[in-house]
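Please read the report below alongside the sequence and the 3D view.

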Amino acid sequence: MNAPWTAIKDLPSAEGQEVTVKGWLYNMRSSGKIHFLQLRDGSGTVQGVMVKQDVPEELFVVAKGLWLEASVEVTGMVRKDERAPSGVELTVTGLVVLQNPTDEYPIGKKDHGIDFLLDHRHLWLRSSRQQAIMRIRDRIIWEARSFLHDDGYLLVDSPILSGAVGEGASGLFELDYFDEKAYLAQTGQLYAEAAAAAFGKVYCFGPTFRAEKSKTRRHLTEFWMLEPEVAFYGHKENMDLQERLVCHIVARVLEHCRPELRMLERDTTPLENVKPPFHHLQYGEAIDMLHRLGSETPYGSDLGNEDETILTQQFDRPVFIECYPKKVKAFYMKEHPENPDLVLCDDLLAPEGYGEIIGGSQREDDYDRLLSRIREEKLPEEAYDWYLDLRKYGTFVHSGFGMGIERVVAWVCGLQHIREASPWPRTIYRLNP
Ligand code: NSS
């Protein structure tokens, strides 16, 4: 075969030429005289039309015997077709079967339960819905990184294995590390803080782990977190950065991922609203609002998932909840200058009931206060020696945040559950595939 191997997405520019497509058969229809082969190669889909009288007879028979998801090389002439989504189809002249499955593909047209689909995640990823989600995920990550890169941020990765606790002692995955205990990172923040003292504007981005037994539609045990950390930024500048980042990501998804959003039947009107300025509520205002709306969460407690859902439904765009009580937040947050019971932090809640996508704060930069917080929380002091050093040698006002990628993907794609936002979701009940 001389016809050049061409990605399906590039077929429109190869109109009138003979090409070869390498991919999989994702559907097939036949009349007695024509096979319609639906092909996909990861870059797109195209219909191959095989006419009985135009190809050798054995080829027509071979095509008829193909099971779904057979891997194939199909050669054909690219022809304009107004009805096709990509505007072209392939008039098939050749077919090489790379492998024909021996039986029916497990994922069919009928409705499968979610557990069945998750058990078959390795195959489920081939479906057009999952492809749309993964493409949007890729776009979100790409845009987040390029936004930070273009704004002068340096990527400084943090370790996954660590001897120190991150967000608090609960929800840690502990493992034996030669003769000591190690933990899987819950956050890269403490390391990002050290890097901020070296490079000013930094971020880390990697997998993080929480052994929480939460069975909600928002929790995974392994998720990816993007964590900027900025020297000489206070609480307010920190929130401005979050707003700019989120607006940038959503605008670029709308610009580049229209076909994927259509595939997911995502109503894009709420996404078009994601523009500055976002709403802001102080923690106390949020509690008052919740009480008016029927929640019984007392002043002083953290907000529950239900509370977040209710709050986001009051606003047409993301909303910041600022300055939570110190006792429900992590030890490293900076005390509020006007109220020692509060800290300078923010949670950014995504609209339409999605809730928290970002948690951030200004950091405690005073050595003595930080040490006393570590003691109050009964954290192992030795493990934080190096972290305390940052307050000993040139301490500095600094702030940062963590954005959970799967939370953002679930919101932007309009997913019912976060597990579809990860290619290989990990939850309390799922470690495979
Ligand atoms: O616990 S966070 O609120 N904050 C931190 O870990 C800080 N150390 C980040 C920082 O300041 N550098 O988590 C941050 C975000 C949160 O808003 C969610 O979007 C996401 O991480 N997150 C999760 N996503 C999925 N599953 C779980 N379990 C989860 N926990 C947090």
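How many bridges join β16 to strand β17 (residues 355–362)? There are six bridges, and the two strands run antiparallel.

## Basis of the model

This is a predicted model, in which local features need pLDDT of at least 70, side-chain atom pairs count only at pLDDT 80 or more, and totals for chains, interfaces and linings use all residues. Residues are numbered from 1 along each chain as its sequence is written, and side-chain values use heavy atoms, with hydrogens and water left out.

The domain assignment, which is automatic or from a database, divides the protein chain into domain 1 (8–99) and domain 2 (121–421). The C-alpha centres of domain 1 and domain 2 are 46 Å apart.

## The sheet

Strands here are DSSP runs of E with at least two residues, and helices are runs of H or I with at least four, both numbered from the N terminus. Two strands pair if DSSP finds at least two bridges between them. Strands of a sheet pair through backbone hydrogen bonds, either parallel or antiparallel.

Eight strands make an open sheet with mixed pairing, in the order β6-β10-β11-β18-β17-β16-β13-β12. At its edges are β6 (154–155) and β12 (279–282), each of which pairs on one side only. Helix α5 (residues 189–199) packs on the sheet and touches β6, β10, β11 and β18 (398–404); contact means heavy atoms within 4.5 Å.

Strand β10 (residues 201–209) pairs with strand β11 (residues 222–231) in the antiparallel sense, over nine bridges. Lys 201 is opposite Val 230 in β11.

Strand β16 (residues 345–350) is largely enclosed by the rest of the structure, because six of its six residues are buried. Buried means under 20% relative accessible area, exposed means over 50%, and partly exposed lies in between (1.4 Å probe, protein chains only). On one side of β16 the buried residues are Cys 345, Asp 347 and Leu 349, and on the other they are Asp 346, Leu 348 and Ala 350.

Asp 347 has Gly 359 in β17 as its bridge partner. β16 and β17 form a hairpin with four residues between them, and Glu 352 in the turn has a positive phi of about 60 degrees. Strand β13 (residues 319–322) is joined to β16 by four bridges, and these two strands run antiparallel. Val 319 stands opposite Leu 349 in β16.

Methods: Axes are lines fitted to C-alpha atoms, for helices over the stretch in contact, and angles run from 0 to 180 degrees between N-to-C directions.
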